[in-house]
Amino acid sequence: MTPILSPAVQAARDAGRPLVALESTIVTHGMPWPQNVETARAVEETVRAEGAEPATVAVLEGRLHVGLEPEALEALARTEGVMKLSRADFAYALAQGRTGSTTVAATMIAAAMAGIAVFATGGIGGVHRGAETSFDVSADLHELARTDVIVVCAGAKAILDLPKTLEVLETLGVPVIAHGTDRLPAFWSRDGGPEAPLRLDGPEAIAAHQRMRAACGLRGGVLVANPVPEADAIPADEIGRAIETALAEAGAAGIAGKAVTPFLLARMADLTGGRSLTTNIALVKNNARLAARIARSL
Ligand code: PSU
Ligand code: MN
């Protein structure tokens, strides 16, 4: 199966210019209209401004697109009832002619198929709080273990259990690199996260680490956790209250499976009067910038 490259992605590939993959679940399930499409456009612009070409990934009517034309991106952002695709249902959507946005796991699969080495997102999925009874562990973690893509995020969303998420990543052999900090960034906050397993400063160091992994024949992904810019960060104790409320509501409403993360993100935006969304937008752009610089260094 060959993905359909947009003309811009094809041109960048032909010219040997760096590419950065972008996911689309953040557009369809992570943010409300119209902030979702505005953010998606701004993130693509951020990547271009750094001299790389953005490649937003989605499955449209059974075809895998790597790089979306502006009209396709807007149509996807407006569509309701889009599938949220991970490894388990990626081929299903393609075989059945369905439309689906790609999570971190599915975007990694598509990026690897298209030969794209770097991918920027907001936050990865991870081990949910209470996973000892719910068994809710995101397939993103297993994808990081097996697929050769550098994923730049702002840490795991703080609605998750961060220490357990780190434990699973360690078990799976995934390098978790905090960028320019000793602590694992906690998505909306710079503080409050556990100590980071590894630290690197700057895109060059991250690229050099990647070259060494290749030289050692080490396969699988790398997780780069890039802290949200100071000016946009929400202190951990402040966001913590909204997290507790959103989690309690999700529990009371019996939200489970794929619906958990979208439900929590939407409730967080309401509970913080939109502030969590503003921070989310800022951190995605910040990650896109770093990802483009890493892609250039590679
Ligand atoms: N981070 C965000 N918004 C999102 C997501 C992450 O800021 O919408 C999405 C990503 O696509 C991630 C997915 O892969 O949530 C994880 O979902 P789950 O927990 O169901 O595996
Ligand atoms: Mn889950």
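**Figure 1. Helix 3 supplies the largest share of the lining of the largest cavity, five residues.** The model is predicted, so local features need pLDDT of at least 70 and side-chain atom pairs count only at pLDDT 80 or more, while totals for chains, interfaces and linings use all residues. Residues are numbered from 1 along each chain as its sequence is written, chains are lettered from A and ligands numbered from 1 in the order in which they are written, and side-chain values use heavy atoms, with hydrogens and water left out. On a 1 Å grid over the protein atoms alone, a cavity is a set of points where a 1.4 Å probe fits but cannot get out, and lining residues have an atom within 4 Å of a point. The volume of the largest cavity is about 130 Å³ (a volume is the space filled by probe spheres set on the points, which are joined across faces, edges and corners). Among the 14 residues that line this cavity, Glu23, Ile26, Val27, Ala40 and Val43 are the closest to its centre. Helix 2 and helix 3 (35–49) each supply at least two residues of the lining; helices are DSSP runs of H or I with at least four residues, numbered from the N terminus. By class, the lining has eight nonpolar, four polar and two charged residues (Ala, Val, Leu, Ile, Met, Phe, Trp, Tyr, Cys and Pro count as nonpolar, Asp, Glu, Lys and Arg as charged, and the others, Gly among them, as polar).

**Figure 2. The second largest cavity has a volume of about 30 Å³.** Its lining consists of Ile124, Ala156, Thr165, Leu166, Leu169, Val176, Leu184 and Leu223. Helix 9 (residues 162–171) gives the most to this lining, with three residues. Seven of the lining residues are nonpolar, one is polar and none is charged.

**Figure 3. Ligand 1 takes up the space of the largest pocket.** A pocket is an open set of grid points with protein on both sides within 12 Å along at least five of seven lines, and a molecule sits in one if more than half of its atoms lie within 2 Å of its grid points. This pocket has a volume of about 460 Å³. Of its 30 lining residues, Lys84, Thr103, Ser138, Asp140 and Thr261 are the closest to the centre. The lining divides into nine nonpolar, 15 polar and six charged residues.

Figure 4. A nitrogen atom of ligand 1 is 2.9 Å from an N or O atom in the side chain of Lys157, and a nitrogen atom of the ligand is 2.9 Å from a polar backbone atom of Gly123. An oxygen atom of ligand 1 lies 3.5 Å from an N or O atom in the side chain of Asn280. Taken alone, ligand 1 exposes 480 Å², of which the protein buries 94% (areas by the Shrake-Rupley method with a 1.4 Å probe).

**Figure 5. The second largest pocket holds about 260 Å³ of space.** Residues that line this pocket include His128, Arg129, Asp136, Leu247 and Val260. Helix 11 (236–252) and helix 12 each give two or more residues to the lining, and the largest share, three residues, comes from helix 11. The lining comprises six nonpolar, four polar and two charged residues.

How values were computed
A polar contact is a pair of N or O atoms within 3.5 Å; within protein, one must be able to donate a hydrogen and the other to accept it, and residues adjacent in sequence count only if both atoms are side-chain atoms.
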